[in-house]
Amino acid sequence: MCRKAAEPDPANNRSAALVSVVIPAFNADQFVERAVRSALAQTCDDLEIIVVDDGSTDRTSEIVAAIAEKDCRVTLLRQTNQGVAAARNAGIACSQGQFVAPLDADDLWHSTKLEKQLEMFDRRPDVGLVYALYSFIDAEDKLIRPGNGSCFEGHVYADLIISNFIGNASSPLIRRSTLMHTMGFDPELRIKGAQGCEDLKLYLELAELAPFAVVRERLVGYRQHAGSMSMDLAQMERSFAFVLGEVRRKHPQLPGRLFRWQRGQMLLYLARSAVISGRPREGVLAMARAVHADAATVAIAGSWIANRLCRLLIGDLTYRGTSFADIPPDDTSERMLFGRPFEKRRRRVCAALSVSAQRARNRMGARLAGSARAEALSTPLRRVEAKDVARLDGFAETGKCDFVVEPRDGRPLVTVVIPCHNHGRYLGDAIESVLSQSWPTIEIIIVNDGSEDDTAAVIAAHPAIRAITQQRAGLSAARNAGFAASSGSYVAFLDADDLLLPNAIASGVRELDAHPECAFVSGGHRYVDDEGAPLGAAVLPAHEVGSYAELLRRNYIEMHATVLYRRQAFAAAGGFDTTLPACEDYDLYLRLARSATIRHHRSIVAHYRRHASNMSSNAELMLHTSLAVHRRQRPHLTHDPSLRVAYRDGIRQWRNFYGRQLFMQSLAKLRNRETRWQGATGLIVLAKRAPLRLVRSAGKSLLRATAAAGRALQVSAKRRLNLRGRYPYVGLVHFGSLRAVTPISPVFGFDRGTPVDRHYIEAFLFRHSNDVRGRVLEIGDDTYTRQFGGDRVTQRDVLTFKEGSPATFVGDLALGAGLPDAAFDCVILTQTLQLVFDIPAALATLARVLRPGGVLLLTVPGITRIDAGEWRDNWYWSFTPRAIERLCATALQAYSVVVESYGNVLAAIAFLHGLADDELRPAELAKCDPHFPVIVTLRAEKPA
């Protein structure tokens with residue numbers, strides 16, 4: 001049966017091929033023509049063939065181009081060498097078919113392969129992938145041996161974990177609608193030195209989405225030769241381990257024994273490959289490792305050895321040496337291995353050789369199934385029914401496991417507790433940040449801890465939110481009271497002066513669901529000022545997995561609102577210690593980390609507001625309580641020397657961190673007659689708690705005072721000589737590191753942190769983050785769309801100037817070709833307009849693509865350097881606020897337009913030299929002088 005041609009696609013006036021065959025090729029001139037011919041010879045001819053030349057240096061392109069000239073179904077694409085995964089993805093991106101069929105350039109298909117797979121799709125409309133059996137062939141297309149014999153169908157996720165029974169990338173036919181729900185083949189494996197299992201990773205993603213089906217015929221010729229990727233055993237082992245490691249992290253609810261079975265099967269596969277390729281020593285070592293990993297593989301290894309011996313003792317393959325095209329594809333019986341007279345004798349010999357191994361497998365299988373049953377029944381993340389346990393038990397006997405990864409039915413309730421004491425001016429923002437969460441099931445509990453300001457009025461403005469009022473009892477008691485009244489499966493604590501970002505709860509729940517062993521998870525945060533403007537770069541720990549030792553060294557979490565607790569773990573720890581006036585969160589982290597797993601995810605989930613009334617600004621209190629909390633851990637360190645080292649590092653860190661702050665605060669108080677006694681008391685406390693820090697700080701202060709006195713003497717001498725001039729006088733300017741004719745950073749400051757202009761850009765976008773909604777278009781990539789839009793964004797589009805970049809649209813903004821009219825609710829255009837020569841045309845394009853009511857968020861450089869890299873020859877302009885106003889008056893008539901500038905002389909100097917934003921003080925960055933615009937910003941709203 002061959003399907004009818006697809007109907008023409010009215011969008012591009014081109015007939016969409018039913019099947020798209022994608023062939024990646026790199027230096028494959030020896031085999032690529034045979035691969036293409038085998039695709040062209042399919043009995044189902046409604047197909048397109050896309051060959052992607054991945055930077056070949058041989059005649060691959062010439063051969064394919066010659067075929068393409070004679071057959072219009074063949075298309076040749078060329079790209080620089082990026083690896084087989086990137087080549088396959090490039091071909092898929094250019095394809096039009098309803099089904100996608102990957103074919104490696106050194107493999108072959110039987111002429112009926114696609115037709116029979118399409119028939120299976122007709123019979124099974126629910127499946128997303130149909131694969132076929134295969135045979136190994138040599139460089140001359142002759143049969144070496146049959147390949148896979150496993151025919152697993154339905155939900156095969158666990159089967160794929162245990163063994164890649166599909167076997168190669170040329171076997172499957174994939175429904176395009178299913179494939180589009182994945183990220184395609186993963187090109188990152190090549191970058192990580194783990195190339196080889198890109199196909200297995202994709203199959204696992206597809207198996208989560210839809211059932212699989214199989215055509216039980218050998219329709220694929222899988223070529224084995226010295227250049228095959230599968231012959232690099234070390235790389236294949238790394239690739240297997242990497243892919244399955246990701247699966248285990250993604251689905252911790254799956255029984256651990258599945259992965260032991262997988263490791264045994266994988267090592268056995270590598271052992272067979274080594275022996276067949278003439279490396280018996282490597283094969284024996286791999287087989288020994290396979291048995292060590294999973295004793296049940298003894299039976300499989302015994303069966304394989306028995307087959308090899310039978311070939312030597314009884315007879316050769318019936319079809320061995322026969323051309324692949326001449327082998328009946330439906331002959332999957334033992335006649336393919338041996339002639340008919342030898343079938344019974346072969347079975348008898350194999351049974352005799354492997355009987356002891358089979359007994360070992362049965363014994364080990366029973367043990368493994370029992371362990372798997374216990375793990376499955378104890379998992380809290382999915383419904384485990386009796387049939388699931390039966391499937392796990394049955395694996396030991398059948399080799400088949402239908403353990404299915406199922407989505408969780410309900411979404412757990414998350415409680416957010418907001419304690420508040422005299423922070424009514426911030427409380428409303430905190431409540432709104434929780435109400436704007438993307439997670440739908442949240443309860444909010446506000447604990448009014450004896451506030452004397454307008455906190456009660458703010459709470460009354462939100463009658464739907466549960467509130468608890470108590471006498472002043474302290475932060476710990478307020479948090480514990482909120483927890484006692486909560487009912488959520490997960491609990492978060494948000495201080496009334498801080499903010500949660502829209503993705504905060506969803507990110508935490510996702511991480512806890514992925515790691516059921518965790519007591520809590522934490523995320524990243526960013527400091528903001530009293531008005532909510534960002535201060536410096538985001539704070540993110542370097543490691544995903546936290547540990548007790550790391551917390552002993554320092555409180556790397558820093559902000560309590562980034563933490564999401566599992567309710568049972570929090571309750572078991574006893575909550576917060578109400579005897580502590582501060583650092584109660586750090587105390588709880590240490591108690592939980594001592595006996596449980598903790599993790600950190602790399603999403604920015606909260607804003608930490610800095611203001612004068614922060615508890616952490618009381619350095620004397622924080623120094624005292626942090627050291628007290630830290631010393632509580634001393635009794636728990638006797639058994640581990642590494643923990644004692646971490647403990648000493650932590651004591652030193654707390655003394656340095658808060659000791660420096662206490663010294664500076666005490667000096668400031670000493671200068672004021674009214675607070676002189678408090679300053680002296682602070683120095684006494686510092687001498688008691690951190691004497692070494694006192695000595696160091698005093699020494700540095702003395703050096704600074706001496707230097708200042710020297711400069712004052714110079715100024716005084718200048719004045720006595722009647723030298724006129726503005727301070728600092730001529731000759732007294734100290735350039736320091738700035739005395740250079742080349743910038744400190746050659747790349748705008750990206751190598752030092754967040755560049756100064758990026759600090760202002762992010763502050764501008766943060767102020768207008770509510771405008772980032774609906775369908776959003778961003779230039780270059782979608783970083784800011786994700787960061788500031790969150791779940792308000794329904795569709796993210798990217799426009800780039802360069803061909804080959806991953807983007808929705810590629811082209812010149814001034815021309816606007818391909819950009820739809822009135823399609824976008826928001827356009828983010830940061831530091832790009834200076835690269836466009838025809839600015840009025842670019843602004844006209846932006847006006848055209850915005851929907852009524854849509855918003856343009858634009859930033860352009862003011863005082864700036866010119867890029868020395870790829871944009872050097874396209875950098876045309878710098879702008880002033882007045883220039884942007886005049887340009888918009890023409891191109892954006894009737895728009896609501898607001899133009900502002902950011903920066904000052906110090907910020908401009910820092911930016912020109914490539915300093916990072918955290919090398920300046922927040923007040924220095926916050927000062928905006930219109931005479932020194934580092935960047936100019938525009939918010940333009942289109943009339944509705």
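1. In this predicted model, the buried residues of helix α22 are Ala619, Met622, Leu623, Thr625, Ser626, Leu627, Val629 and His630. The helix itself covers residues 619-631, and its 13 residues reach 18 Å from the first C-alpha to the last, which is close to the 18 Å expected at 1.5 Å a residue.

2. Turning to the helix pair α1 and α2, helix α1 is formed by residues 32-40 and helix α2 by residues 60-70, and the two pack with their axes 10 Å apart at an angle of about 25 degrees. Because angles under 35 degrees count as roughly parallel, α1 is described as roughly parallel to α2. The crossing in which α1 passes α2 is right-handed.

3. On the α1 side, the contact between these helices is made by Val32, Glu33, Val36, Arg37 and Leu40, while α2 contributes Thr60, Ile63, Val64 and Ile67. Sorted by class, this contact of α1 with α2 has 6 nonpolar residues, 1 polar residue and 2 charged residues.

4. Phe520 deserves a separate point. This residue lies in strand β17, which runs over residues 518-528, and it is buried, because its relative accessible area of 0% falls under the 20% cut-off for that term.

5. Leaving aside residues up to four places away in sequence, Phe520 touches Leu512, Ile557, Val563, Leu564, Tyr565, Tyr589, Leu592, Thr597, Ile598 and Arg599. As for Ala492, which is 28 residues from Phe520 along the chain, the C-alpha atoms of the two residues are separated by 9.8 Å.

Conventions
Residues numbered from 1 in each chain as written. Predicted model: local features only at pLDDT ≥ 70, side-chain atom pairs only at ≥ 80, totals over all residues. Heavy atoms only, no water. Axes fitted to C-alpha atoms, helices over the stretch in contact; angles between N-to-C directions. Helix = DSSP H or I, 4+ residues; strand = E, 2+ residues; numbered from the N terminus. Parallel < 35°, antiparallel > 145°, perpendicular 65-115°, else oblique. Left-handed = near helix turned anticlockwise from the far one by under 90°. Contact = heavy atoms within 4.5 Å. Nonpolar A, V, L, I, M, F, W, Y, C, P; charged D, E, K, R; others polar. Expected span 1.5 Å × (residues − 1). Buried < 20%, exposed > 50% of the residue type's maximum accessible area, 1.4 Å probe, protein only.
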